[in-house]
Amino acid sequence: MDFQVVVLAGGTSETLSPLVSKDVPKALLPVANRPLLSYALDLLEASDLKDLIVVVEGQEAARLVGAWVSSAYLDRLCVEVLAVSEDLGSAGALRAISKRLTANDILVISGDLVTDVLPGAVAATHRRNGAAVTALLCSVPVSGPSETASSSGKDKAKKPNRLNIVGLDKTKQFLLHIVSGTDVEKDVRVHKRKIQAVGQMEIRSDLMDAHLYAFKRTILQDVLEQKEAYRSIRLEVLPYLVRSQLRSAPSGGHGTTVGETGNSAVLSSGNLQCLSQHHVITPSAFKQDALSRSHGGHRCCAYIATKSKYCHRLNSIQSYCDINRDVIGEASHLSGYSFSAQNNIIHPSSVLGSKTTIGPHCILAEGSQLGDKCSVKRSVIGRHCRISSNVKIVNSVVMNHVVIEDGCHIQGSVVCNNVQLQERSVLKDCQIGAGYIVTAGSEHKAESLARK
């Protein structure tokens with residue numbers, strides 16, 4: 001039987017408030033004027049993975065997602081949308097639908113993943129290695145304002161996400177150690193016996209778990225059943241499987257630690273050598289069959305995306321801004337649109353006033369109107385917006401049916417559906433929830449505004 005695919009589409013995540021709401025669940029949040037979930041579904045379709053279960057938290061969110069999927073993917077995909085309780089976590093959501101899983105292998109993808117890495121490539125690696133789990137690892141995305149943003153000073157500095165520690169064998173196929181950035185303390189202990197079991201371990205701090213996994217179904221179901229308290233695949237299920245493939249007790253307190261910088265350091269007086277950055281090696285030869293002999297023979301594997309691949313999860317306000325910027329900029333091939341010679345998209349039904357300019361890396365959707373002397377730079381404007389004269393919009397996302405009156409300035413902000421900005425209002429680095437009215441002449445910086 002082919003892979004069974006589960007898409008974990010979330011619900012109304014609090015981390016994205018006030019962008020998401022009961023009317024716009026996370027899966028339908030617009031990214032470059034397309035629902036977020038469409039990026040994952042198109043990716044699966046491109047890998048010829050067309051029989052899907054989409055898991056949504058909350059009955060109403062599931063209803064909205066189901067209605068959109070049945071319309072947008074009619075005759076393209078076979079999608080069953082299942083509702084689960086809210087706040088179960090990724091492992092809890094899988095546990096809730098576990099009895100629906102029947103194929104030998106299960107592909108699990110987060111619905112908030114925006115990438116050009118084909119899931120079919122991860123699935124093929126999983127089958128080839130006969131793995132219990134195969135995780136997609138990719139370069140840690142850089143987060144923060146664009147280099148070309150007009151914001152100054154330290155606002156410009158891009159900040160990498162929190163550190164993750166990953167241990168790989170020398171072939172970079174087997175995943176030997178993984179610690180999430182949320183769990184990384186000053187030092188991370190890698191036990192000497194584990195390294196001796198495989199002969200060599202490469203320690204990396206430049207990779208992230210992209211939340212795309214291939215699982216052997218029976219092993220996944222066993223873990224979900226036995227570890228009832230597990231809520232997260234990334235933080236609990238995957239690390240448990242990685243630990244259990246090479247069980248080793250602490251060796252008298254001696255071991256190898258990895259500092260927060262990602263450089264390895266040897267604490268024991270044993271015969272481990274510290275080589276260049278990210279490497280710890282024992283002198284014994286690499287014993288690949290150690291993995292197949294250990295713990296009933298299950299193997300944890302990694303599929304490492306090349307640095308040229310785009311891979312980003314939309315799980316925060318900042319990542320929402322980053323992904324919108326990227327999909328209309330350096331990763332425009334993901335948008336599904338054909339950009340003009342001016343490197344932008346202006347829908348034929350939109351109306352532009354005199355001396356109004358739409359710069360490169362912008363999208364202006366259908367039915368929107370701009371008055372005279374407006375300027376739009378590196379921004380996404382949604383459908384049927386009414387924008388008056390002398391308005392400046394930079395590095396921002398303006399969703400649908402927004403009214404912006406004369407003289408408003410919007411920078412680095414997200415403006416949700418049906419918002420009204422009264423004349424001369426100013427927004428910088430703000431998020432404005434659906435239906436909110438920003439009063440005339442008001443100035444807001446780094447605020448989140450929503451209707452009570």
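Trainee: By class, how many nonpolar, polar and charged residues does the lining of the largest cavity have?

Mentor: Bearing in mind that this is a predicted model, the lining of the largest cavity has five nonpolar, two polar and two charged residues. The count of cavities of 30 Å³ or more comes to one, and the largest cavity holds about 70 Å³ of space. Its lining is made up of Asn 164, Val 166, Ile 178, Val 179, Ser 180, Met 208, Asp 209, Arg 234 and Pro 239, and the elements that give two or more residues to this lining are β12, β15 (207-216) and α7 (233-245).

Asp 169 sits in the loop between β11 (165-168) and β12 (175-179), and although Asp 169 is buried, it has no salt bridge, the nearest side chain of opposite charge being that of Lys 170, 7.9 Å away. A polar atom of the Asp 169 side chain does, however, lie 2.6 Å from the backbone nitrogen of Phe 174.

Arg 217 belongs to helix α6 (residues 217-226); Arg 217 is buried as well and has no salt bridge, with Asp 222, the nearest side chain of opposite charge, 8.1 Å away. For Arg 217, a polar atom of the side chain lies 2.6 Å from the backbone oxygen of Ala 103.

Notes:
Residues numbered from 1 in each chain as written. Predicted model: local features only at pLDDT ≥ 70, side-chain atom pairs only at ≥ 80, totals over all residues. Heavy atoms only, no water. Helix = DSSP H or I, 4+ residues; strand = E, 2+ residues; numbered from the N terminus. Buried < 20%, exposed > 50% of the residue type's maximum accessible area, 1.4 Å probe, protein only. Lys, Arg positive; Asp, Glu negative; His and termini not counted. Salt bridge = Lys/Arg side-chain N within 4 Å of Asp/Glu carboxyl O. Polar contact = N/O pair within 3.5 Å; in protein donor to acceptor, adjacent residues only side chain to side chain. 1 Å grid on protein atoms, 1.4 Å probe; cavity = no way out; pocket = protein on both sides within 12 Å on 5 of 7 lines; lining within 4 Å. Points joined across faces, edges and corners; volume = space filled by probe spheres on them. Nonpolar A, V, L, I, M, F, W, Y, C, P; charged D, E, K, R; others polar.
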